[in-house]
Amino acid sequence: MPISLRDVEADDVERLFQWRNEPEVDRWMYSVPPTLEEHRAWFSAFLADPDRKGWIILRNGEPCGSLTLEGLIAPQRRAKWGWYIGDAEARGRGAGRAAQALGLDQAFGPFGLQKVWSEIRAENETALKAQAWAGFRREGYLRRHAFKHGQFRDVALMSILKEEWQARRPVVVKELLASGLVAQAQGH
Ligand SMILES: CC(C)(COP(=O)(O)OP(=O)(O)OC[C@H]1O[C@@H](n2cnc3c(N)ncnc32)[C@H](O)[C@@H]1OP(=O)(O)O)[C@@H](O)C(=O)NCCC(=O)NCCS
């Protein structure tokens, strides 16, 4: 089941709306589900923003999720990571991990970043394990940081530096190649 990335396109607007509102995706978001109108406004701004970049995660060539980086034009050369597998069928089968490796290659390669960071809800074990597997470290813990549906939630602050990814990458790529999650050409 090879995983690849392609750029987000204008035609993805409804697909992303549907995925954003999937219960398992919405569950881990800070915000409540947007209306279609709100989503369209957000998406137009996203596409026009040089500070942000989005990819669609493909599984066997079929869209299954989204990956974003935010903070691309700041002089600090760090960006915030966001990703989800919107297609419930594709979750828990390695697509998120494979997409993570491909996204980190983009971040530390063509985008010239030094650091990628993320905020992950403290109970989101699947996401935290996937990030740790790629070499992300926990650099902070934000208590009662998110508020949704009347409840405060703790958040883990995760990050990975360029040289940490370079050190970890061979192990990650080997595992992804062995499980057929990335094609040979992407593994080099
Ligand atoms: C977090 C998320 C992106 C991870 O992506 P994913 O594709 O589901 O994750 P993976 O499949 O790579 O890993 C999940 C589990 O599947 C297992 N797995 C990985 N490859 C596998 C394979 N080839 N076959 C079977 N299982 C596999 C992993 O070992 C992992 O198990 P573990 O958590 O018990 O260690 C995804 O689950 C998701 O979108 N969740 C909802 C939204 C979200 O939490 N987004 C991130 C925070 S905002």
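**View 1. Helix α5 contributes the largest share of the shell around the ligand, four residues.** The model is predicted; local features require pLDDT of at least 70 and side-chain atom pairs pLDDT 80 or more, whereas totals for chains, interfaces and linings use all residues. Residues are numbered from 1 along each chain as its sequence is written. At least two shell residues each come from α2 (23-26), β4 (78-85), α4 and α5 (125-134); helices (H or I, at least four residues) and strands (E, at least two) are DSSP runs, numbered from the N terminus. Among the 20 residues around the ligand, those that come nearest are Tyr84, Gly94, Gly96, Arg97 and Ala127 (near: C-beta atom, placed from the backbone, within 6 Å). The shell comprises nine nonpolar, six polar and five charged residues; Ala, Val, Leu, Ile, Met, Phe, Trp, Tyr, Cys and Pro count as nonpolar, Asp, Glu, Lys and Arg as charged, and the others, Gly among them, as polar.

**View 2. Helices α4 (residues 95-108) and α6 (residues 162-178) pack at an angle of about 145°.** Their axes are 11 Å apart; axes are lines fitted to C-alpha atoms over the stretch in contact, and angles run from 0 to 180 degrees between N-to-C directions. Ala98, Ala101, Leu104 and Phe108 of α4 meet Lys162, Trp165, Val172, Val173 and Leu176 of α6 (contact: C-beta atoms, placed from the backbone, within 7 Å). Eight of these residues are nonpolar, none polar and one charged.

Note on methods. Contact = placed C-beta atoms within 7 Å.
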